[in-house]
Amino acid sequence: MRIFVNFEAGFDQDTVFVQWAAKKYIFTSLSTDFSDGLARSIELDAQHRKARLIFNLPEKGLSDAIEIEPDKDLFVTVNITPDNHLETTISSDEKIYL
Amino acid sequence: MNNIDPSAPDMDYTTQHDRELSVEEVAAIEGYSEDYSLYFIGSASIPPSSPGSQAESAVNQFHETPALEITKTNSQLQDKRTSVKPVPGRPIPIKTIKRRVSGRYSNCPRPWKLELRVDVDGYKPAKMFSGDFFHSSGSTQSHFGSFRVDAPSISVSNSQLTIIGIAECTWNTSYKKVRVVIPIHNIYQPSANANVTWYTLTNKKGAEYVCLFESSYFRTIQLEQDREEDVAAFTSYDTGSLPSGGTSRTLSVSKAYGEAGIQIQSAGTANVIPTSEANANHKWNNAELHDAMETHFSLWKNDPHWKVWLMHANAHEYGTGLLGIMYDQKDKQRQGCASFYQTINNKSAANLRTQLYVNVHELGHCFNLYHSFHKQYMNPPVPNRPGSLSWMNYPANYNNGSESGAGAYWSSFPFKFDSMEIIHLRHAFRNNIVMGGNPFGQGAASDGHATFMENIIDDSGLRLSVSTPVYVPLGTPININLALENISENSKQVFMDLNPSSGLTQITLQKPNGKIITYHPPIRQCINPDLINLESGQSINESAYIGFDAQEKQLFDMPGTYQLIATYYTPGGDAIRSELSQIRVNAPIDQDSEDLAELLLGDDQGMLFFLGGSYSDSLRKGNDAFQEILSRFPENPLTAQVALVEGLKASRDFLKLDDRNNSYLVKMDESKSVKLLSSLIINPDGKFGLTPQNVHNAKRCLAGMKYGNEINIKPIKKKVIAKA
């Protein structure tokens, strides 16, 4: 099983720290491309039955954590809203971009 | 005309008249009447057996649609080719099919070439016109500038159409008034020429052009399509195959654009691109797509031009979730895009529908169109339209306030662009749309200029009203009242917030010098707007100060007549426009009023009016000016606005920072506040620029102090008012 994380709108040269269970990742200079609405897509290997997925944008003082218990592929979207909040959604349906 | 300004007259130009005539005088001399109005006729209006049957067969095709219908009595009828017999003693109305006038016109370049786009009839007429000037020198031609007339006056007689308006130009000129006259021909006559004349605002005549009708399309684009091996490129889809919101028809990509007035011509060489040009896993990345474009796009060049490349490919490295991309975002951008067939390859109706949608959508990005839900990220931004049933929305992101999601989108989607996008496609300044022009997102909307026109169709059931002061002295801080009323029989879901600072209401104004400005508040509130149900007859109201703009600074800084339109965006993406309002700013009549105007029109003062007062050191000049106004002009009606701001400021504590960033409190000054605000409540009608809400705020503030409650200015905007 895999977790697909799509960083969508509101990113502008942002550094994003992602933590999935014990693994930590850092993504730099994320900017939204408005031709498809994506800043970056990442794929995480969901080996863990249940774990916390944590997003942290220290420069903007934003963070969010969601607990995930994957039993099939999951699709996570992350948006920075105009009022500077981190908005996260989870779906088992793949989202279409274009 | 001359060599540096295509709208100005030639230095040797002389008119045949012995004096300059105003446009209105010319109109009077030529005897224009307004007996007839423009409207579009559908195919149902044309009898199949009539002489217009040839036109009937083409009536649904954009480029051949006759659009003017003028009803005359048989005694007036001049056209002998009509076979209707008169009935003695009783005139029978005979319909004469008139040739449509909308479309593209151009002149013979000597040295200026004018390409004119007239948009007054046909499908979704924007009731405006626009154009481009090109400068010819020898065998070369270069683009000089674009212009657009957003809100012209249109008059139609039985013989000609006259359109007059003030142009927004990309070049500096004093010749801003444009008159276009087009004789109205019937469908048996060739299309008429457009006669274009430029004037100054004082009606001094400038350059004249005679432009020949070129096409019913507003623009023509060459499209080169290549495909990856083993990919069957999309050709057409019958929109009646699955439930939808539009009429059933067979659409190709070019037909979809043709309906918006954009002609797509196939061009270049159709290549088959080997999959081996993609990376090792046979999935394209953006760099490879760009490289493929430079290699296979036979018409490509790193310059602005009306040529675009569409590649039908199998898969992108981003995965199956990516159906298409406009990857060309370096150098001269927006010249190429790609669609990916990996998951939509078989020819089921749903897949063909998606293929059509993806291809039209990606090319929309090449025309510099953003997603409906990303409009706020454009430069300049406009409000998002998540409820837009447009090619540029995502089905899954569709949300009109009452329904949302892909199912709702597809069942209502008419396979069209929305109105604002159509205006961009037809009338955007050239560099804001041409492939290879401005970077993606820059100038992607008309910055609200398109709002400076009346609604063609408004079935929203909502009415937006704007109340403005009619006559004010120079320097008056301009406050407006906005009211949104449900004029339908049913409940309507609307956003509560009407304040332009929230971005849900846009104010567009035209200054006396013709410049059109979309109001940008100095501080934009980032809000998640509350939704309410507005019952039939109910309204919401709000007042707002709009005198100070983030970019233009003081907006009402010159005497003359200002025109203003407000546009409110509903959760469903409808743009509700107000009627045109006018504000006449009078010039100072004496030295005192001149001094007062000067004291009121500073940048700091504008910001203080916007903020409702501040002790900030960065606004010290404004506060000093306010103190001078209060002491020098205590009885002047304009001083009321200053008293209001100063009174509100004194009514609340203010936390300041000193030089070392330590905070300290400036305590409220109750006696000063009471003195200033009390003066406003007596005879408020005589005080220029004060709105009822201003007075209400003053009263509320005074009441708060009197009873010792927490003092705060709580606007009454959230109150829903039932119709009296």
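Contact here means heavy atoms within 4.5 Å. This is a predicted model, where local features need pLDDT of at least 70, side-chain atom pairs count only at pLDDT 80 or more, and totals for chains, interfaces and linings use all residues. Residues are numbered from 1 along each chain as its sequence is written, chains are lettered from A in the order in which they are written, and side-chain values use heavy atoms, with hydrogens and water left out.

Start by selecting B:Tyr257. Leaving aside neighbours within four places in sequence, B:Tyr257 is in contact with B:Ile262, B:Ile264, B:Val360, B:Leu363, B:Gly364, B:Phe367 and B:Phe417.

Of its 69 residues, B:Tyr257, B:Phe367, B:Trp391 and B:Phe417 touch the most other members. H5(B) gives the largest share, seven residues. For a second, separate core of 33 residues, pick B:Ile478, B:Leu482, B:Phe495 and B:Ile507, which are among its members.

Next, select residues 349-366 of chain B, helix H5 (helices are DSSP runs of H or I, at least four residues, numbered from the N terminus). Of its 18 residues, 16 are buried. Just past H5(B), look for B:Asn368, with a positive phi of about 70°.

Last stop: H10 (603-611) and H11 (620-632) of chain B, packed at about 85° with axes 7 Å apart. That makes H10(B) roughly perpendicular to H11(B) (the label covers 65 to 115 degrees).

Conventions: Helix = DSSP H or I, 4+ residues; strand = E, 2+ residues; numbered from the N terminus. Expected span 1.5 Å × (residues − 1). Buried < 20%, exposed > 50% of the residue type's maximum accessible area, 1.4 Å probe, protein only. Core = buried A, V, L, I, M, F, W, Y, C linked by side-chain atoms within 4.5 Å. Axes fitted to C-alpha atoms, helices over the stretch in contact; angles between N-to-C directions. Parallel < 35°, antiparallel > 145°, perpendicular 65-115°, else oblique.
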